[in-house]
Amino acid sequence: FGRLPWSQLLGGPASLAQDGFLVDTALATALAARGTKGLCPLLCHADGTPLGAGARATNPKLAAVLRLAAQAPAPDLAGDDLLSLLVRDLGLRRPQSRPTPALE
């Protein structure tokens, strides 16, 4: 129930995506036991094996998209526009059916 400029709202998530976080033992154990379907590029090595405890999970492509979004006025990156950036820059597939994610 507040309002923040895009730069403040997206600055923290952009930094987290760039700097990443350390995978703890619980997460590494869960990845090994349950698999990483849908979680690789973030939680896997380049060869597709899950990150182990102590590894750093980063997402520089997401950081770049969030920084770009943080610099733009809100109406330019609402809804489908931001989703299109994420799909293009992160190499994702665009959802084929509705409902699609909404940014509020």
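Predicted model: local features only at pLDDT ≥ 70, side-chain atom pairs only at ≥ 80, totals over all residues.
Q: Okay, and where is Thr-36 found?
A: Look in the loop between α2 (25–34) and β2 (56–57).

Q: Which residues is Thr-36 in contact with, leaving aside neighbours within four places in sequence?
A: With those neighbours left out, Thr-36 touches Leu-31, Leu-43, Cys-44, Gly-48 and Pro-50.

Q: What about Leu-43, what is that in contact with beyond four places in sequence?
A: Leu-43 has Thr-36 on its list, along with Phe-21, Leu-27, Leu-31, Thr-49, Pro-50, Leu-51 and Ala-57.

Q: Which residues make up the largest nonpolar core?
A: Leu-43 belongs to it, together with Val-23, Ala-28, Leu-31, Leu-51, Ala-55 and Ala-57, seven residues in all. Another core of six residues lies apart from that one, and its members include Trp-6, Leu-10, Ala-14 and Ala-70.

Q: Back to Phe-21. Where is that found?
A: Phe-21 is in strand β1 (residues 21–22). Phe-21 is partly exposed, since its relative accessible area is 31%. With Leu-16 and Leu-42, Phe-21 forms a nonpolar patch on the surface, and together they have about 240 Å² of accessible area.

Q: New topic: where is the place of Pro-5?
A: Pro-5 sits in the segment before α1 (6–19). Pro-5 is partly exposed, with a relative accessible area of 43%.

Q: How many residues apart along the chain are Pro-5 and Gln-71?
A: They are 66 residues apart along the chain, and their C-alpha atoms are separated by 9.6 Å.

Key:
Residues numbered from 1 in each chain as written. Heavy atoms only, no water. Core = buried A, V, L, I, M, F, W, Y, C linked by side-chain atoms within 4.5 Å. Buried < 20%, exposed > 50% of the residue type's maximum accessible area, 1.4 Å probe, protein only. Contact = heavy atoms within 4.5 Å. Helix = DSSP H or I, 4+ residues; strand = E, 2+ residues; numbered from the N terminus. Patch = residues over 30% accessible without salt bridge, like charges linked within 9 Å, V, L, I, M, F, W, Y side chains within 5 Å. Areas by Shrake-Rupley, 256 points an atom, 1.4 Å probe, with all protein chains shown as cover. Salt bridge = Lys/Arg side-chain N within 4 Å of Asp/Glu carboxyl O.
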